[in-house]
Amino acid sequence: MELIRIKDLAIGYAGEPPIVSGINLTIGERDYIGVIGPNGGGKTTFIRTLTGALPPLAGSVEYAKGLRTGYLPQIKSIDKSFPISVTDVVMSGLADRKGVFGRYGKKDKARAIELLHDIGIGKLAGRTIGGLSGGELQRVLLCRALISDPQLLILDEPTTFVDNKFEKELYELLAELNRRIAIVMVSHDLGTISRHVKSIVCINRCFHYHPSNVITPEQLQEYDCPIQLISHGPVPHTVLSQHRGCTCCSHDQKQTEK
């Protein structure tokens, strides 16, 4: 079953040239797509368009009828000064069903607390988000994304500001969820996500889809995509090769691994 079909999509901001154009992609049940690319290449703009937060400049994004989507944004976009409890943040994931000012019942609260316990932070249920660490907040946002029982889960850099333990637990949880839902996940760390995803999208002012998580030399030649190459040296770093024939990728692409 198709969940989302993207046709000849151009993404960006009104009144400005498109950041990326010519995007064609179908997301189906139990797909697990990793989205990679350098900062400024268009990954977040693509995700914002996919979630409906940003209208397309051209082309279309068609959704299956009644599609339920869970979204975990970049943690830096969250205002931690807003006086809201952890439980209320999780329940806000039901806003599409109940409306922004909808009333949440006992069952909604019980489900929110259950999710918090499942992910190991049940003790934080009554706290406000201002007192949370980055990793704790990321866990809360994941619960918010899951409370609507989504058919598609979209995650934008979910392992930022989290410890290794939670990162491992996150990938284990996503593998379990992928047995019944589709996942689209943005990450800089291809070396890690390629062990988990089923296919890879590279966005670097151009759009390239790899139908597998295994990038063979033949695929590299066909797509000429900036796949991560890890080089050893006194300073850990990652080098991205260039897309052949793609003018937007003619500059050097380098990322520093943390």
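Helices, of at least four residues in state H or I, and strands, of at least two in state E, are DSSP runs numbered from the N terminus; the legends below use these names for a predicted model.

**View 1. The loop between β6 and α6, with E157.** E157 is found in the loop that lies between β6 (152–156) and α6 (164–177). Although E157 is a residue other than glycine, its phi is positive, near 55°. The relative accessibility of E157 is 10%, so this residue counts as buried, given that the term buried applies under 20%.

**View 2. The loop between β2 and β3, with R30.** R30 is found between β2 (20–28) and β3 (32–36), in the loop that separates these strands. R30 is not a glycine, yet it has a positive phi of about 65°. With a relative accessibility of 39%, R30 counts as partly exposed.

**View 3. The open sheet of β2, β1 and β4.** Three strands, in the order β2-β1-β4, form an open sheet in which the pairing is antiparallel. Because β2 and β4 (58–63) stand at the edges and each has a single partner strand, one side of each is left without a neighbour in the sheet. From one strand to the next, the twist averages 5°.

**View 4. The pairing of β1 with β2.** Strand β1, which comprises residues 2–11, pairs with β2 in the antiparallel sense over six bridges. On the β1 side, R5 has T26 in β2 as its bridge partner.

**View 5. Helix α1 across the sheet strands.** Helix α1, made up of residues 43–50, lies across β1, β2 and β4. Relative to β1, helix α1 runs at about 125°.

Note on methods:
Residues numbered from 1 in each chain as written. Predicted model: local features only at pLDDT ≥ 70, side-chain atom pairs only at ≥ 80, totals over all residues. Heavy atoms only, no water. Buried < 20%, exposed > 50% of the residue type's maximum accessible area, 1.4 Å probe, protein only. Pairing = 2+ DSSP bridges. Axes fitted to C-alpha atoms, helices over the stretch in contact; angles between N-to-C directions. Contact = heavy atoms within 4.5 Å.
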